[in-house]
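Dear colleague,

Please find below the structure that I am handing over to you, together with its sequence. My notes on what was found in it follow directly after.

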Amino acid sequence: EVQLVESGGGSVQAGGSLRLSCAVRGYTISSFSMGWFRQAPGKEREGVAVINSLSRTNYADSVKGRFTISKDNAKNTLYLQMNGLKPEDTALYYCAAAKYGDIWVPSLAEISYNYWGQGTQVTISS
């Protein structure tokens, strides 16, 4: 059974930083694409940042320059460093992993991902 467990969410003021972690069991993250997605109240889930087996990354325009996705293959853990947080970043953040293949430029589309964590809440106040 593949399990993805997010941690590191919380409440911070605008301009602050958070680092999210996704610990993975039953799956070797080095072999596939993984990503972070978020869903704000009343909005659709959107891709935030993704990374493939070669550590090639792709980001949503709204977070480019502020967020950094990375992974530690030895620890089988995915990370999302979030700096310069804004109130509009408030959302439930999900870790996701693909099951099949890999892509040169990893996809931000959630249909490309098969395994999902339970989510961790990020709340940014002004």
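This is a predicted model: local features need pLDDT of at least 70, side-chain atom pairs count only at pLDDT 80 or more; totals for chains, interfaces and linings use all residues.

How many of the 7 residues of β9 are buried? The count is 6 of the 7, so β9 is largely enclosed by the rest of the structure.

**The disulfide**

The model contains 1 disulfide. It is formed by cysteine 22 and cysteine 95, whose sulfur atoms are 2.1 Å apart. Cysteine 22 and cysteine 95 are both buried. As for handedness, the torsion about the S-S bond of cysteine 22 and cysteine 95 is about -80 degrees, and the disulfide is therefore left-handed.

**The sheet that contains β3**

Strand β3 also takes part in an open sheet of 4 strands, which has the order β1-β3-β8-β7 and antiparallel pairing. Its edge strands are β1 (3–7) and β7 (67–72), each of which pairs on one side only. On average, neighbouring strands of this sheet are turned by 15 degrees against each other, direction ignored.

At one end of that order, β7 and strand β8 (residues 77–82) pair in the antiparallel sense through 6 bridges. Isoleucine 69 is found opposite leucine 80 in β8. As a general point for reading such pairings, the side chains in a regular strand alternate between the two faces of the sheet.

**Salt bridges**

There are 4 salt bridges in the model.

- The side chain of arginine 38 meets that of glutamate 46 in a salt bridge, at 2.8 Å from N to O. Arginine 38 counts as buried because its relative accessibility is 5%, under the 20% limit. Glutamate 46, by contrast, counts as partly exposed at 34% relative accessibility.
- The side chains of aspartate 89 and arginine 38 also form a salt bridge, at 2.9 Å from N to O. This pair links distant parts of the chain, as aspartate 89 lies in the loop between β8 and β9 and arginine 38 in strand β4, 51 residues apart. Both aspartate 89 and arginine 38 are buried.

A further salt bridge brings together the side chains of arginine 45 and glutamate 110, at 3.5 Å from N to O. Arginine 45 is in the loop between β4 and β5 and glutamate 110 in the loop between β9 and β10, so the pair ties together parts 65 residues apart in sequence. Arginine 45 is partly exposed at 23% relative accessibility, and glutamate 110 is partly exposed at 36%.

**Loops and surface**

The loop between β4 and β5 (46–51) also holds alanine 40. Is alanine 40 buried or exposed? Its relative accessibility is 18%, and alanine 40 therefore counts as buried. The C-alpha atoms of alanine 40 and glutamate 88 are separated by 8.4 Å, although the two residues are 48 residues apart along the chain.

On the surface, Leu54, Trp104 and Val105 form a nonpolar patch with about 360 Å² of accessible area together. One of its members, valine 105, is placed in the loop between β9 and β10 (115–116). With a relative accessible area of 39%, valine 105 is partly exposed.

Yours sincerely

Methods: Residues are numbered from 1 along each chain as its sequence is written. Side-chain values use heavy atoms; hydrogens and water are left out. A disulfide is a pair of cysteine sulfur atoms within 2.5 Å. Buried means under 20% relative accessible area, exposed over 50%, partly exposed in between (1.4 Å probe, protein chains only). Two strands pair if DSSP finds at least two bridges between them. Helices (H or I, at least four residues) and strands (E, at least two) are DSSP runs, numbered from the N terminus. Axes are lines fitted to C-alpha atoms, for helices over the stretch in contact, and angles run from 0 to 180 degrees between N-to-C directions. Patches are made of residues with over 30% relative accessible area and no salt bridge: like charges are joined within 9 Å, nonpolar side chains (Val, Leu, Ile, Met, Phe, Trp, Tyr) within 5 Å. Accessible areas come from the Shrake-Rupley method with a 1.4 Å probe; for residues, only the protein chains shown count as cover.
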